Amino acid sequence: MPAAFKHITLATLSVTALASAAHAERGSQGDLSLIYWQAPTLLNPYLASGPKDSEPASLVLEPLARHDETGKMVPWLAQSIPTLENGGIAPDLQSITWILKPGITWSDGSDFTADDVVFTANYCMEAESGCQMTAKFTDVVGVQALDPLTVKISFSKPKPYPYAPFVGLEVPVLQAAQFADCMGANALNCSAQNLAPIGTGPYQISDFKPGDVVTYDINPNYRDADKPGFAKVTIKGGGDASGAARAVLETSEFDYAWNLQLDPQVLGQMKTAGNGQVVSSFGTAVERLQVNLTNSAADLGDARSTRNGGAHPFLADPRVTKALSLAIDRSTLIDIAYGDAGRPTCDVLAAPAIYASGANDACLTQDLDAARALLDEAGWTDSDGDGIRDKDGVSMTMLYQTSVNPVRQTTQDLLKAWWAEIGVATELRAIAPAVFFGGDQSSPDTYQKFYADLEMFTNFFPGNDPEPYLNNWACASIPTPENGWSGMNVPRYCDPDYDTLLAKLGNTVDIAERIAISKQLNDMLMQAGALIPLVHRGEVSAHANSLEGVRMNVWDSELWNIADWTRAK
Amino acid sequence: MLTYCLRRLAFSVPVLIFISFAIFLLMDMAPNDPTANLPMSIPAETRAQLREALGMGDPLVARYLLWCKQFFIHEPLNWLTDLTGLSFGDPDRLRVLSWASRAPVVELIAERLPQTLWVVGLSYLLGILIALPVGIYSAYRQHGWFDHLGSFISMIGYSVPSFFLGVVVIVIFAVKLNWFPSVYDTTLTVTGWDSLMDQLRQMIMPVTILALYNAAQISRFMRASMLENLHHDYVRTARAKGASEPRVVLAHVARNSLLPVVTVIALGVPQVLAGAIITEQIFKINGIGELLISSIQSGDLPVVQTLTFLFAVLIVLFNLLADIAYGLLDPRISYD
């Protein structure tokens, strides 16, 4: 073969294969392997069942804006974040207008336009589609493409925080052409599309075995010619958290392991092998005790655990819940059960930092004497000498339930021992997660029916606007038999002042004022004793020492900046 | 023989239909919610809509008949289409879809089958190959040192659970010595010498552990059966006729002793295909067993229903095979 001809052939090959040979950086870092022990089963975040699916999808599908590792919004497929100042948000707060970055193409080479964004919104808002992100489109009345690069989202009422649609990993843009036949009831049957969506991200899916492994190669049309660094990515699923941690920290078979909530001693010992490091990041998740402010006695029948059944014999008294909270040594609890994955907190709204109240921090130090004094003051003394406080023939014995999970059972044991020291008896119950968190109307064991005195689980809010989260404790959100036990106001807390303040938050635009109101709402909940926050929970992952560029991010996908990851030489 | 097989197969059809309905009923009665694993930030209305979209609101009988239609009519038609390239009926007919992955259940199973067959199947074969000679020799030299050693090792295989043994071998051979990988790579395709070695390296730990367990079980059966036969009159007759010891032991005693062991082996095969749930989990093999357990955890009823039904089919089928093998091994048994 003549040298010149050979040269031309090679040049053509490289043009078709990659963007151009001049950008030597792209794909120069070799292969990257990640382990997600909860295996991804579906790569369409609108139908997915949580981060185990939406994070692997985030290599391919991208939203208009993301959150960086500090929780700040950064434009992604949009040119900039729309604000009131730059005119992106209408003065009446009823619409937001996003300008897309020009020149972006899908991995199949077609243009990414405003029509794709409009399509995605309609796709999710269509009834019967089984879309799980409908809450992100609350109050959206219309999404229009003003021109190929401009999208206007209109709301039915003023939205002080209009950044729910298309911001963050759960609400990326789907390709209209690919999903055209998947509207409404067809959405759930589009196997091929849901398992291999076409995206604008740095990678495209080359093979996906649901529940087992995803492999990716570089999106040849990715907008940054120098990125991504790694040529091939593999996300392997299966096993358990300790096996995943071992594969990164001890045997170095993998570069990155996700979601390692493990016994701190186990993780600490694995770290000593010196092959990798553990990274953590704190979002809004708080492990808390929900206090049943209503009476859960079984003999109340249908009125059990409802406001009609009357107040709880002792937990409705804020002095009692305060005493229970003071008896807990949160630092010890974290040392034993959470390690790097927890920080003590006394606020249910513990993050972002600007929203943390701090007014309730007295509970951070355990004070058994103060707790005993509070119970004495409330009139609960051990009059019959059985070691358990009582009043008017009622003994302070509580049923404390949670889901089956080793960390939660350790926590239950510790709390039971501390409460025994102040003369409160506790009966423990652990329920299978699929039942406890399930919506089975016939089961008496769901967290919403709450046929117990205390229960424990974690809740959080995505993004960084706490308004929908604080809405959880409005009177209207109390689960009752009438509303089919739906609603997140599990403590059955109802205070008209709280509802009034909540309504005010919904109409406030000024960020400083929103922060002040949010803190005040948090403090009202804490002082009423509706919730006892225990641990501000972080996400823990591990990566190999040789992997560079990881910016652990709890506000968005942990893999949000994977295009920048490199291998240390 | 053929009429016997056909009669047995015909009998098994109503049995299997009854089993499939029983499984469906049991699944329906169990407290279960596929939306339970969703993040808490997803509101109740969305969950209700999703359950509706999955068809959970339909009456039990309608859901059962739909599954039957999809599994007994649509799936075989699709299979025929794939096999012959001809099209049969409506190409858009609905298949049995998993709730968790929205992928056809049959394809999920097909993806999981290779690794299960490689690891669990190979360990079963290996287990049998070890167990039979060990069982025969242990019985022949009962109370000898080999018998004691064999008993000791099979007791370990029996009594030490694989979730303990598995972690121990991972810590020794993967973490400390770094000889074998601790995670099974299902994307590996054997194309040459190197990839074959990689495949062997990743299989050696799970296969050894499972083979030990299988060998322990089967060798105990073989030994017991041999001991029973060794003292029969026909053995004395054979010896008196001047048959050599190997001939007495192998051709006479072992052949007769195999009868009950064949049943045990045949009935163990469906368990092989069901995967070794714990071992698969420990070595991250993601075979059939892992598919079953993860589907149970996520409330993925179509997958659990289909898998459980397939296991039932296998058990019925291998019962029949065991009976046929009986006839082949023992001329006294005739089905005609």
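## Aromatic pairs

Two rings of Phe, Tyr or Trp (its six-membered ring) make a pair if their centres lie within 6.5 Å. With that in hand, let's look at this predicted model. A search of the whole structure turns up 37 aromatic pairs over all chains.

One of them joins Phe436(A) and Phe457(A), whose ring centres are 6.3 Å apart with 70 degrees between the planes, an edge-to-face arrangement. Phe436(A) belongs to helix 12 (residues 433-436) of chain A and Phe457(A) to strand 17 (residues 454-459) of chain A, so the pair ties together parts that are 21 residues apart in sequence. Phe436(A) counts as buried because its relative accessibility is 0%. Phe457(A), at 0% relative accessibility, counts as buried too.

## A pair and a cluster in chain B

Over in chain B, the planes of Trp67(B) and Phe309(B) meet at 85 degrees and the ring centres are 5.7 Å apart, so this pair is edge-to-face. The pair links distant parts of the chain, with Trp67(B) in helix 3 (residues 60-84) of chain B and Phe309(B) in helix 12 (residues 301-329) of chain B, 242 residues apart. Both Trp67(B) and Phe309(B) are buried.

Which aromatic cluster includes these residues? Trp67(B) and Phe309(B) form one cluster together with Phe21(B), Phe24(B), Tyr64(B), Phe71(B) and Phe72(B).

Now for the surface: Glu126(A) and Glu128(A) form a negative patch with Glu52(B) and Asp58(B). You will find Glu126(A) in the loop between helix 3 (114-125) and strand 5 (140-147) of chain A. Its relative accessibility is 36%, so Glu126(A) counts as partly exposed.

Technical notes: Residues are numbered from 1 along each chain as its sequence is written. Chains are lettered from A and ligands numbered from 1 in the order in which they are written. This is a predicted model: local features need pLDDT of at least 70, side-chain atom pairs count only at pLDDT 80 or more; totals for chains, interfaces and linings use all residues. Side-chain values use heavy atoms; hydrogens and water are left out. Patches are made of residues with over 30% relative accessible area and no salt bridge: like charges are joined within 9 Å, nonpolar side chains (Val, Leu, Ile, Met, Phe, Trp, Tyr) within 5 Å. Accessible areas come from the Shrake-Rupley method with a 1.4 Å probe; for residues, only the protein chains shown count as cover. A salt bridge is a side-chain nitrogen of Lys or Arg within 4 Å of a carboxyl oxygen of Asp or Glu. Lys and Arg count as positive and Asp and Glu as negative; His and the chain ends are not counted. The place of a charge is taken as NZ of Lys, CZ of Arg, CG of Asp or CD of Glu. Helices (H or I, at least four residues) and strands (E, at least two) are DSSP runs, numbered from the N terminus. Buried means under 20% relative accessible area, exposed over 50%, partly exposed in between (1.4 Å probe, protein chains only). Rings of Phe, Tyr and Trp (its six-membered ring) pair if their centres lie within 6.5 Å; planes under 30 degrees apart count as stacked, over 60 as edge-to-face and the rest as tilted.
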